[in-house]
Amino acid sequence: MSYFLWKHVHLTCVALTFISFSVRAYGMLTVSPWLNSRVARILPHIIDTVLLVSAIVLTIILQQYPFIHGWLTAKVCALIVYILLGMVALKRGKTYQRRLFALIGAYLAFFYIVGVALTRSPHLGLLSL
């Protein structure tokens, strides 16, 4: 399979995961009951799995690997932060304030990941643009 196909799949999943996270965050902020629906619980996992698979395939195609290339290491570390903060924001936060704080942090981590991907610079992310 071609690089451009996998890149397209990856970028599409990036957009879908951002939309999915934002919709679920809105649901959390408004205490919406549909957050417990089957679609809201399963669809994000499907999107994120395809996103992860496409990321792995792209690293193999490009032969650029985390812990060898600094910018990919930064993305992986920021991804872990994004996931942890997202869990606190959407489910694990005990208070509304903690959830809101974690939500802001998750968005900052997400935009850092995008910035590093665009610039291939782990130091400044979007600021280097």
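Helices here are DSSP runs of H or I with at least four residues, numbered from the N terminus. With that in hand, start at the end of helix 4: the residue that follows this helix is Arg120, and its phi is positive, near 55 degrees. Keep in mind throughout that you are looking at a predicted model.

**Stop 1: helix 4**

Select residues 96-119, which make up helix 4. A quick check on its length comes out well: 24 residues at 1.5 Å a residue should span 34 Å, and the end C-alpha atoms are 34 Å apart, which agrees.

Now colour the buried positions of helix 4. These are Ala102, Leu103, Gly105, Ala106, Ala109, Phe110, Ile113, Gly115 and Val116. What do the buried residues of helix 4 pack against? Show helix 1 and helix 3 (70-92), and you have both partners on screen.

**Stop 2: helix 1 beside helix 4**

Show side chains for the contact. On the helix 1 side, pick Val14, Thr17, Phe18, Phe21, Ser22, Ala25, Met28 and Leu29. On the helix 4 side, pick Tyr96, Arg99, Leu100, Leu103, Ala106, Tyr107, Phe110 and Phe111. How do the residues of this contact divide by type? There are 13 nonpolar, two polar and one charged.

**Stop 3: helix 3 beside helix 4**

The axes of helix 3 and helix 4 come within 8 Å and cross at roughly 155 degrees. That makes helix 3 roughly antiparallel to helix 4. Helix 3 passes helix 4 in a left-handed crossing. The residues of this contact divide into 19 nonpolar, two polar and five charged.

**Stop 4: the loop between helix 2 and helix 3**

Next, move to the loop that joins helix 2 (38-62) to helix 3, and select Gln64, which lies there. Is Gln64 buried or exposed? Its relative accessible area is 19%, and the cut-off for buried is under 20%, so Gln64 counts as buried. Leaving aside residues up to four places away in sequence, Gln64 touches Thr59, His69, Trp71, Leu72 and Arg120. Arg120 is the residue with positive phi that follows helix 4, where this tour began.

Gln63 is found in the loop and has a positive phi of about 55 degrees although it is not a glycine. At 58% relative accessibility, Gln63 counts as exposed. Phe67 is found in the loop between helix 2 and helix 3 too, and its phi is positive, about 70 degrees, although it is not a glycine. Phe67 counts as exposed, at 64% relative accessibility.

**Stop 5: back to helix 1**

Finish by selecting Leu11, which has its place in helix 1. With a relative accessible area of 49%, Leu11 is partly exposed. Draw a distance from its C-alpha atom to that of Gln64: these residues are 53 places apart along the chain, and their C-alpha atoms are separated by 17 Å.

Conventions: Residues numbered from 1 in each chain as written. Predicted model: local features only at pLDDT ≥ 70, side-chain atom pairs only at ≥ 80, totals over all residues. Heavy atoms only, no water. Axes fitted to C-alpha atoms, helices over the stretch in contact; angles between N-to-C directions. Helix = DSSP H or I, 4+ residues; strand = E, 2+ residues; numbered from the N terminus. Contact = heavy atoms within 4.5 Å. Nonpolar A, V, L, I, M, F, W, Y, C, P; charged D, E, K, R; others polar. Expected span 1.5 Å × (residues − 1). Buried < 20%, exposed > 50% of the residue type's maximum accessible area, 1.4 Å probe, protein only. Parallel < 35°, antiparallel > 145°, perpendicular 65-115°, else oblique. Left-handed = near helix turned anticlockwise from the far one by under 90°.
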